[in-house]
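Here is a short briefing to read alongside the structure. Keep the viewer open and pick out each residue as you reach it.

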Amino acid sequence: MRTRLVVVFTVLCLSLCAWSQSADDLVSKNIQAKGGMDKIKAIQTYRSTGKLVGGGGFTAVVGQEGMRPNQVRETFALQGMTAVTAYDGSTGWQIQPFGGRKDPEFMGEDDMRDMLIDADFDGPLVDYKAKGNTVEYLGHDVVDGDDALRLKVTLKDGDIIYYYLDPDTFLEIRKETQEFIRGSVKETVSDLGSYKPVNGVMYPFSIASGPKNDPTQWQTITIEKIEVNVPVEHAEFAVPASLKK
């Protein structure tokens, strides 16, 4: 009986180790599929522009600028007005003219959770241990009828991102995010596709996203242009002077 228990325990330990190694192996393959760590780390700034089509059929122009390590600015232009959300590495702020608020204001906790994810320049999988994230491999799953490899990423703040990797390319084809805010859970889904290389790094040029439980509210972004290592001023992300007062 004692020998049998030792064998069972040993097999269990080996299985758990293999499971953990599978997670790290998939993270490594994902990074390599995107272009490799050296090319990813060589990118210091990022700028994209595209078109957003909303659930009601409206069309807007969207843009994003990022600077290593964790600064981001996003714009949404429609009918002559432009909304701005930005994070300077420590503080988030926004301008929301569509809600009648044309002056800069600090961001609330709900909006900040999204911005912190967007501000991670390389994404949660790159250097995930150093960032305080954990990664688990949950096995195979199905995305729109196709096989996918499912990774669970628990961020340092407790939020969770599920990545679904294409088993052939190891690129992300779906991302599910769970944000835990004041006792409630906000769940969103993003489908990623049309990958193209920019300076040797793969980026998705098609992103469809929205609430997990309400597909009618989904929106589709078609990226028209991505530029990297372009001049970007720190002032683009900085908290406006009116808020500093």
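Helix H3, residues 109-119, has five residues to look at first: Met112, Arg113, Met115, Ile117 and Ala119 are its buried ones. These buried residues pack against strands S3 (71-78), S4 (81-87), S5 (92-96), S9 (160-165) and S10 (172-181). Please bear in mind that this is a predicted model.

**The chain as a whole**
- The fold is built from four helices and 13 strands.
- Along the principal axes, the C-alpha atoms fill a box of roughly 75 × 40 × 35 Å.
- The chain has 245 residues, and 40% of them are buried.
- Among contacts with a separation of 6 or more, 42% are between residues 24 or more positions apart.

**The largest nonpolar core**
- As background, nonpolar side chains in soluble globular proteins tend to be buried together.
- In this model the largest nonpolar core holds 31 residues, and Val135, Leu151, Tyr203 and Ile226 touch the most other members.
- Two or more residues of this core come from each of helix H1 (2-34), strand S1 (45-53), strand S7 (134-143), strand S8 (146-154), S9, strand S12 (201-211) and strand S13 (219-228).
- Leaving aside residues up to four places away in sequence, Val135 touches Ala23, Val27, Leu125, Tyr128, Leu151, Lys152 and Val153.

**Aromatic pairs**
- How many aromatic pairs are there? The count comes to three.
- Tyr46 and Tyr203 form a tilted pair, with 5.5 Å centre to centre and 40° between the planes.
- Tyr46 lies in strand S1 and Tyr203 in strand S12, so this pair ties together parts that are 157 residues apart in sequence.
- Both Tyr46 and Tyr203 are buried.
- Phe76 and Phe98 make an edge-to-face pair, at 5.7 Å centre to centre with 80° between the planes.
- This second pair also links distant parts of the chain: Phe76 is in strand S3, while Phe98 is in the loop between S5 and strand S6 (101-106), 22 residues apart.
- Are these two phenylalanines buried or partly exposed? Phe76 is partly exposed, because its relative accessible area is 24%, and Phe98 is partly exposed too, with a value of 35%.
- Phe58 joins Phe76 and Phe98 in a cluster linked by ring pairs.

**Charges over rings**
- Arg150 places its charged end over the ring of Tyr162, 4.3 Å from the ring centre.
- Lys196 has its charged end over the ring of Phe205, 4.9 Å from the ring centre.

**A closer look at Ser190**
- Where is Ser190? Its place is in strand S11, residues 184-198.
- Ser190 counts as buried because its relative accessible area is 13%, and the cut-off for buried is under 20%.
- Apart from residues up to four places away in sequence, Ser190 touches Ile173, Arg174, Lys175, Ile207, Ala208 and Ser209.

**The second largest pocket**
- The second largest pocket holds about 410 Å³ of space.
- Of the 20 residues that line it, the closest to its centre are Leu116, Ala119, Asp120, Lys131 and Asn133.
- Which element gives the largest share of the lining of this pocket? That is H3, with four residues.
- Ala119, one of the buried residues of H3, is also among the lining residues closest to the pocket centre.

Methods:
Residues are numbered from 1 along each chain as its sequence is written. This is a predicted model: local features need pLDDT of at least 70, side-chain atom pairs count only at pLDDT 80 or more; totals for chains, interfaces and linings use all residues. Side-chain values use heavy atoms; hydrogens and water are left out. Buried means under 20% relative accessible area, exposed over 50%, partly exposed in between (1.4 Å probe, protein chains only). Contact means heavy atoms within 4.5 Å. A nonpolar core is a set of buried Ala, Val, Leu, Ile, Met, Phe, Trp, Tyr and Cys residues joined through side-chain atoms within 4.5 Å. Rings of Phe, Tyr and Trp (its six-membered ring) pair if their centres lie within 6.5 Å; planes under 30 degrees apart count as stacked, over 60 as edge-to-face and the rest as tilted. A charge sits over a ring if NZ of Lys or CZ of Arg is within 6 Å of the ring centre and within 35 degrees of the ring normal. On a 1 Å grid over the protein atoms alone, a cavity is a set of points where a 1.4 Å probe fits but cannot get out, and a pocket is an open set with protein on both sides within 12 Å along at least five of seven lines; lining residues have an atom within 4 Å of a point. Grid points are joined across faces, edges and corners, and a volume is the space filled by probe spheres set on the points.
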